Amino acid sequence: MKELSKQDLLHLYRSLIRTRKFDQLNVRLAAEGKLLTFYHSAHGHEAVGVGASSLARDDDYLFIHHRGHGLPYSIPRGIDPKSCVAEHMGRATGWGGGITGFHAVDKEKGVLSSAGTIGSGFVLSAGYGLAAKKNGRGQIAFCFSGDGGVQRGQFHEAMNLCAAWKLPVVFVVENNGMAWFTPNCDTTAVEHVADLAKAYQVPGEIVDGMDVLAVYRATEKAVERARKGEGPSLIECKTFRYRPHSEGRPDVSHYEPRSKEEIASWMERDPVRLFEEKLLKKKVLTAALIEEIAREADEESAAAEKFSFDSPFPDPARLPDMVYAP
Amino acid sequence: MKELMYWNAISEAIAEEMARDEKVFVIGENVQESPFLATKGLVQQFGPERVMDAPLSELAIAGATVGAAMAGYRPVCDLTFADFIYCAADEVLMKAAQQYFIHNGEVGVPCVFLGVAGGGFGNGPEHSRIPAAMVMHNPGLKLAMPSNPYDAKGLMKAAIRDNNPVCFFFHKKCMPMKQAIPDEEYVIPLGQAEVKRSGTDVTVVATSYMVNLALEAAKQLEGKLSVEVIDPRTLVPLDMETIVASVKKTNRVVIIDEDTECCGVAAEIAQQINEQAFDYLDAPVSRLCAANSPIAGAAMEKYVIPQLPQVIKAIETAAGI
């Protein structure tokens, strides 16, 4: 494991801040009725996507989780988040040309096939992994999902296939304990998703999903293993969502409000603040630098909002041509 | 020229395409031994890396097919029975069909979903379906259903080369068919119907194995009725031009399809005829399909799936006799 340089650490920090600012922008625009689709906030989940996807090469494949609709996974990889905002506003400059509602797409950076259906990524990622293995260039596939998605059959079929064929796939599960409004303790007897991986002979590691460095380090091991041809791994990141399942929905567990104490206790471990404190101690960050990074992110998100508003809607005449490839 | 069996025409097409393009590979259930023969012999020629026996996990097989296709490969996914497309439906209908759209036209899903379809062997409700209407109903998918070895080979080559997901349903009852196949390469473009028999009194639009029943019926009706038989060969894209031209000539039409009747292939073709050739019709468009029932097994199957006597009767009725 190589030591992370100051530049690496600042890249992670900047990515966390930009993810949070853009998430806040989408949340506000949703509340103002300016998004033409729904939005599932990443608030609380930022460290998982940022920490893990920072390790992706440009030629890797990446299936995103729906938290933040792609922001935590695309921002660290240099994908301009204004295309996310524009897509949600239905503009032609969005990452799906304004015709998909929200789906994150970046062919050049291997962001393929983000999905509305939870747990969709497992078997598709097996396919990306199969392609990567056939290509023989050391590419790998990253597959992000939640703990709810794990309860679908695709998880088990993919885990089995990837293990049997030693496919280079890194599964990152963001376990926030909730699937929509339903706590998983009431729908599965399995507390740790990592235990399921082990059942398929796939290494499963549990990490603190609020600690971006812990996520980064665990992913680093899994990535190395996959690139060496040793097969898939699963990293279970224990995390928490601070907001409701999606914007405008009640924040409930079953049908009753979620526990304020539980939310407050996780707020104590806010992933952005935890990392900020760590970097301040290491003197990688200073108060002035924190302020500068925050200001840049504010300016960037304000510019993205304006850019999206000023962008045209797609030409509906395109739609019939989008059904079949020539 | 050489004679090839139906299944062998399919495997030869896949072999030719695998030799032509290293991105083509086969993945599926028992594809090395190939119980329905469509991929038989390929593993000996191309090895297990390109002819991959997968676990009995239709979602994983179909999902891996979609993923690999999006990453630049051209997989041929063998689900064995076409019925099993229902087990893989999430990956076929939600993913394969819609990824091109979802990716704003930047990423395609070039792949083939192969399945042996239809009745004839009494295998019952889960192994005798020909899920054509479901595929037709999902924009983004194409659908080929060859009725003979020549078409099977040419359509399979087109399906593999197509930049979209193509469902390729070959029929169990066509398996014993043998036909002369040219030595030189040929490809049958998707979306070209063929007039399998010319006639003047009534048009029969038949699909898959039903084409063969329609041709046999036409033969038996010779002297009594002049029957034109059209095989669309692919239902998506659907060559309505050829069908409409025939209807304008005969003024009478019956559609014969082995999928169940309700919201089916015949209903769609009938409506398109109504829209495009209503003024030429001397009688309402009629249809003969499988009953709206699970496909019964064993001795009861023939009461659900159209048989030759019903085909003859349906043509006579359509012709007004």
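Author: In this predicted model, chain B holds an open sheet of seven strands, with mixed pairing, and reading across the sheet gives the order S3-S2-S4-S5-S7-S6-S12. At the edges are strand S3 (51-53) and strand S12 (234-236) of chain B, each of which pairs on one side only. Neighbouring strands of this sheet are turned against each other by 20 degrees on average, when direction is ignored.

Strand S2 (residues 24-28) of chain B runs parallel to S3(B), and three bridges join the two. Within this pairing, B:Ile27 has B:Met52 of S3(B) as its bridge partner.

Chain B also has helices that can be described in detail. Helix H3 (residues 58-70) of chain B has 13 residues and reaches 18 Å from its first C-alpha to its last, which is close to the 18 Å expected at 1.5 Å a residue. H3(B) is mostly covered, since 13 of its 13 residues are buried, and just after H3(B) the residue B:Gly72 takes a positive phi of about 110 degrees.

Two further helices of chain B cross one another. The axes of helix H8 (residues 209-220) and helix H11 (residues 308-319) of chain B come within 9 Å and cross at roughly 65 degrees, and the crossing of H8(B) and H11(B) is right-handed. On the side of H8(B), the contact is made by B:Leu213, B:Ala214, B:Glu216, B:Ala217 and B:Gln220, while H11(B) contributes B:Leu308, B:Val311, B:Ile312 and B:Ile315.

For a view of chain A, one may turn to A:Gln139, which lies in the loop between helix H5 (121-135) and strand S2 (141-146) of chain A. Because its relative accessibility is 4%, and buried means under 20%, A:Gln139 counts as buried. The side chain of A:Gln139 makes a polar contact with the side chain of A:Asn135, at 2.9 Å. Leaving aside neighbours within four places in sequence, A:Gln139 is in contact with several residues, including A:Arg57, A:Tyr61, A:Pro168 and A:Arg227.

A:Ala30, by contrast, has its place in helix H1 (residues 6-31) of chain A, and A:Ala30 is partly exposed, with a relative accessible area of 25%. Not counting residues up to four places away in sequence, A:Ala30 touches A:Leu35 and A:Glu247.

Technical notes
Residues are numbered from 1 along each chain as its sequence is written. Chains are lettered from A and ligands numbered from 1 in the order in which they are written. This is a predicted model: local features need pLDDT of at least 70, side-chain atom pairs count only at pLDDT 80 or more; totals for chains, interfaces and linings use all residues. Side-chain values use heavy atoms; hydrogens and water are left out. Helices (H or I, at least four residues) and strands (E, at least two) are DSSP runs, numbered from the N terminus. The expected span of a helix is 1.5 Å times one less than its number of residues. Buried means under 20% relative accessible area, exposed over 50%, partly exposed in between (1.4 Å probe, protein chains only). A polar contact is a pair of N or O atoms within 3.5 Å; within protein, one must be able to donate a hydrogen and the other to accept it, and residues adjacent in sequence count only if both atoms are side-chain atoms. Contact means heavy atoms within 4.5 Å. Two strands pair if DSSP finds at least two bridges between them. Axes are lines fitted to C-alpha atoms, for helices over the stretch in contact, and angles run from 0 to 180 degrees between N-to-C directions. A crossing is left-handed if the near helix is turned anticlockwise from the far one by less than a right angle, and right-handed if clockwise.
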